[in-house]
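Let us walk through this structure together, one region at a time. Please keep the sequence and the 3D view at hand as you read.

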Amino acid sequence: MKFVEWFLSFIFKIKTFPLIIQITVFLTMFFIIATLALVITIYTIRKRHNKLQKKLKNSVPDIKILFEEILFTDKKFSEQEIFDSFEDIVGTVNKESLDIGVDVLVQFKNDDKESKKYTLIISALDIVRHLEEKFDSRSNSQKMDAFQEAFVLNLNRFDSKVLQYAYSKNKRIRSEARNSYLALSTNDPYRFFDDFEGSLTKWDEIELMQYLKLQSVRGNLEGLGKWINYSKNDSLVIFLIKMVGFFKQKGIDDILLEKLEDDNANIRAEAILTLGELDIKDTEETLIERYYTEPEVCQVAIVRTIRKFNTGKSLNFLQEIFGESNNTDTKKIIAEAILNYSYEGKIAFQNLKNTLKDFDLLILKHVETPLIKYK
Amino acid sequence: MFDIFVKVYEYFIFFYATALILSYLILSVFSFIAINKYKSYNTDIDDEELLNSNLAPGISVIAPAYNEEKTIIINVKSLLTLNYPLFEVIIVNDGSKDKTLDLLIEEFDLVEAPFAYVEKIKSKPYKRTFKSENPKYEILTVIDKENGGTKADAFNAGLNASIFPYYLNTDVDCILARNTLTKMIKPILNSKVRVIAVGATLRMSNNCEIEEGVITRVRPPKALIPRFQELEYIRSYLLGKMGWELINSVPNVSGGLGMFDKEIAIKAGGYGADSHAEDMDMLTRMAAHMMNNRMEYKIGYIPLSCCWTEGPPNIQILGRQRTRWASGLFQMFSDHRKILFNPSYKRLGLITFPYIFIFEFLAPIIEAFGILFSIFLLFYGYVNWSFAPLILLYSYTFAIMISSIVIIWDQMTFKYYNTTREVVSLFLTAFIEPILYHPMIMFFSLKGYFSYITSRELAWGTMTRQGFENEKKKDENGTIIDANEPSELPKDDIPKEKKPSIFNRLKKNKQDSNSETFKT
């Protein structure tokens with residue numbers, strides 16, 4: 001009762017203060033209440049965290065032992081046995097404990113621990129349903145987790161879920177879904193190649209390459225090269241040309257030669273590099289002819305490709321352009337190409353060392369010093 | 001007349017404080033959104049993807065060293081343990097006068113190597129390059145150069161020697177988290193717009209446990225000054241910079257830890273060789289370069305703590321550090337004054353720069369004036385004792401509330417501290433910070449401004465290292481032993497740069513422009 005009286009008299013007293021002081025008092029009270037609420041929040045966050053840490057500390061080592069026994073030993077387990085053993089460790093099989101289990105499996109996969117029995121655990125713990133729930137969650141973070149876990153665990157049963165998000169209003173989710181579709185779809189993995197919005201980010205490229213590696217293992221990479229001609233998106237074309245070289249896709253020589261005439265210098269440069277990757281040696285003359293009319297990015301690509309061909313026919317050309325180039329970085333690349341250009345290249349490199357001096361000589365010494373890893 | 005002045009002053013302070021409080025509240029909301037956004041779209045599985053990718057771009061880690069014999073070995077080892085598929089570590093020995101270089105040579109089996117060093121950006125003369133004969137350290141390059149007087153000059157030399165398209169600038173007194181590069185490159189990889197720089201949070205290493213250059217246990221510092229600084233850093237990074245990140249207006253990427261686009265850094269002219277706020281100066285140059293050339297750009301920030309640095313253990317060292325920073329800030333505004341309130345520089349000219357100018361640069365001046373004025377009012381009996389405590393309580397409770405918000409944001413991002421007790425100790429620090437720490441910072445800032453105006457000597461490397469007392473090393477038998485004993489650097493050997501006073505500089509600028517006119 002006393003407090004109420006005091007409070008009312010305090011309010012009454014405040015009303016007599018100037019407006020600025022009234023605002024100050026009101027805000028001070030707000031700050032104090034907010035701080036108290038924040039302290040309670042900090043306490044709750046920490047309490048939850050400590051509980052989870054305790055659970056992780058108690059269960060993760062046992063889960064690891066159980067999964068290792070199932071995956072990497074000859075011991076036979078039924079699905080029910082797996083579920084019961086898992087339940088014994090975690091207490092209750094719920095969203096939280098399944099997340100811990102999935103994390104352990106993802107860690108095994110990332111450590112390249114392969115086994116044919118992953119599907120047994122996935123089925124026993126109903127991880128597909130668990131991931132479906134994550135896909136359906138309102139949290140974007142959960143959805144992103146689900147995309148990545150489905151990929152790492154090699155679960156290609158989520159076509160419909162992924163398709164659903166491929167048209168999401170959220171740009172990041174949409175992009176992730178479209179990229180993931182490449183890995184998770186068995187029927188039409190390149191479905192969204194035509195729908196990329198603007199340039200690919202470097203992260204898109206990293207993800208797509210990862211998914212293409214999976215398709216390569218499945219033997220589904222046929223038809224990748226045709227997209228180089230179909231696509232109007234320059235960044236996608238550059239990426240696909242690079243991938244064609246990386247996965248050594250044969251039979252696209254004509255497409256690559258056609259791309260040498262493209263208006264975009266980066267496309268031309270990537271096409272030149274891929275000619276080298278695919279060892280299409282009969283283009284060497286053409287590349288040398290083009291050298292003097294191309295911008296630097298293509299010139300560097302030509303030098304790298306000639307080094308890759310390693311035919312021994314272009315040593316004079318390499319020596320000539322080494323003398324002509326004014327760019328130190330390009331000179332280093334040319335010098336490296338000469339040094340690694342068969343036995344004749346090594347001799348030519350020594351001759352250059354005997355004739356050149358000052359900074360040019362230093363470039364040669366720099367290039368041949370094995371201690372310098374990145375030239 | 002005096003009454004009018006007092007009235008005007010009261011209103012000015014009210015609106016200034018209200019604007020500052022409002023800006024903090026807005027930044028809190030912005031940072032909350034930015035942190036959640038970051039957490040939603042970035043997972044640890046991304047790191048694995050990047051580590052296994054053939055498309056991961058190369059990164060040069062550049063760390064200048066000047067008289068760092070106490071911590072150089074452990075810090076270079078820390079840099080070498082970074083987990084990333086393609087990177088090099090460049091240590092720039094900026095003419096150290098202690099055993100920094102000798103220790104590096106001995107520990108890492110370094111030999112002089114023929115190195116085609118190209119001076120793309122001007123710096124004090126380059127002397128030689130060392131590479132390791134031990135394949136374990138093949139990614140390490142040590143550049144030896146003449147002392148340039150500033151960290152900026154050393155960074156420029158490191159940039160000249162670097163090979164990769166992105167570089168991470170750090171200090172050799174910093175211990176980096178192993179996943180620093182994978183985390184910091186992600187905003188660059190994930191953006192359609194060119195990201196010119198990315199920053200991350202720094203914390204104090206003072207009370208952390210370190211093993212073979214890797215942080216194994218994070219704790220808030222025991223000593224009060226580094227603990228104040230830990231709270232201040234978390235506030236500045238998580239609330240300030242993360243908030244600014246949401247609207248692409250990050251004012252500064254710390255010199256202790258920042259990733260930059262090398263091409264843009266070089267085109268922008270590199271670090272201002274005489275700059276003592278080289279980090280903010282560099283970012284401003286890069287942003288200005290992008291805008292002058294009508295190129296879209298982004299500056300990214302991640303809420304994770306990736307870097308632990310030794311905080312000043314006492315007031316004397318804190319004073320030296322803050323005086324240099326304040327002087328650097330003054331120099332920055334003096335050098336880039338044409339950007340301030342200039343609509344051609346869009347957000348940088350109309351939001352970021354004015355905000356920093358009004359609420360960071362002018363704040364110590366306004367505060368100091370306020371204190372003097374209050375003393376004057378006190379002396380003449382003008383203080384209203386009924387209301388004065390309310391006003392003080394108002395600012396005090398606001399400061400504590402903001403610190404509490406920041407601690408929550410920190411807990412939301414990643415729980416670096418193992419125990420709730422450690423979180424509570426940081427929270428309690430917030431109660432004394434406004435009383436003990438803040439006035440010191442104000443004083444050192446004013447001292448820094450004064451030093452700049454009166455051309456006092458400035459020096460880099462003025463932080464006296466104590467070494468990592470919690471660093472554990474394995475001896476020959478594999479037993480873990482404590483590695484360091486505190487010692488002082490030879491302070492007298494610190495090179496000092498005599499600057500011309502601001503008036504002389506203005507005069508010189510005028511003369512320069514006259515001579516240019518004459519030449520034309």
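A residue is called buried if 20 or more other C-beta atoms lie within 10 Å of its own, exposed if 12 or fewer, and partly exposed in between, with C-beta atoms placed from the backbone. Helices (H or I, at least four residues) and strands (E, at least two) are DSSP runs, numbered from the N terminus. This is a predicted model, in which local features need pLDDT of at least 70 and side-chain atom pairs count only at pLDDT 80 or more, while totals for chains, interfaces and linings use all residues. Residues are numbered from 1 along each chain as its sequence is written, and chains are lettered from A and ligands numbered from 1 in the order in which they are written.

With those terms in hand, let us begin with helix H6 (residues 180–189) of chain B. Because 10 of its 10 residues are buried, this helix is largely enclosed by the rest of the structure. The buried set includes B:Leu181, B:Met184 and B:Ile188, and also the lysines B:Lys183 and B:Lys186.

B:Leu181 leads us on to B:Phe87. Two residues are in contact if their C-beta atoms, placed from the backbone, lie within 7 Å. Leaving aside neighbours within four places in sequence, B:Phe87 is in contact with B:Leu181, and also with B:Gly58, B:Ile59, B:Val61, B:Leu82 and B:Ile139. B:Phe87 belongs to strand S2 (residues 87–94) of chain B, and it counts as buried because it has 23 C-beta neighbours inside 10 Å. From B:Phe87 to B:Leu168 the C-alpha distance is 9.9 Å, across 81 residues of sequence.

B:Val61 also takes us into the core. A nonpolar core is a set of buried Ala, Val, Leu, Ile, Met, Phe, Trp, Tyr and Cys residues joined through C-beta atoms within 7 Å. The largest one has 201 residues, and those with the most contacts inside it are B:Val61, B:Ile91 and B:Met286. Beyond its neighbours within four places in sequence, B:Val61 has contacts that include B:Leu79, B:Phe87, B:Val89, B:Leu168 and B:Thr170.

Two loops of chain B are worth a look for their backbone angles. B:Asn67 has a positive phi of about 50 degrees although it is not a glycine, and it sits in the loop between strand S1 (59–65) and helix H3 (72–80) of chain B. B:Arg294, likewise not a glycine, has a positive phi near 50 degrees, in the loop between helix H9 (278–292) and strand S12 (298–309) of chain B. Are these two residues buried or exposed? B:Asn67 is buried because 26 other C-beta atoms lie within 10 Å, whereas B:Arg294 has 6 and is therefore exposed.

Further along chain B, B:Gly370 is found in helix H12 (residues 363–379). With 14 C-beta neighbours inside 10 Å, B:Gly370 counts as partly exposed. Its C-alpha atom is 16 Å from that of B:Tyr394, 24 residues apart along the chain.

Now turn to where the chains meet. The contact takes 43 residues from chain B and 48 residues from chain A. On the chain B side, the elements that give two or more residues are helix H1 (2–41), helix H2 (44–51), helix H13 (388–413) and helix H14 (420–453). H13(B) gives the most, with 13 residues.

Chain A comes to 20 helices and 0 strands. Its domain assignment, automatic or from a database, gives domain 1 (1–125), domain 2 (138–220), domain 3 (222–292) and domain 4 (310–375). The centres of domain 1 and domain 2 of chain A, taken over C-alpha atoms, are 29 Å apart. The C-alpha atoms of chain A fill a box of roughly 100 × 75 × 45 Å along the principal axes. Buried residues make up 31% of its 375 residues.

Finally, look at helix H7 (residues 140–152) of chain A. 10 of the 13 residues of H7(A) are buried, so this helix is largely enclosed by the rest of the structure. The buried residues include A:Met144, A:Phe147 and A:Phe151. Their cover includes helix H4 (95–110), helix H6 (127–136), helix H8 (159–165) and helix H9 (171–184) of chain A, together with H1 and H2 of chain B. After H7(A) comes A:Asn154, with a positive phi near 60 degrees.
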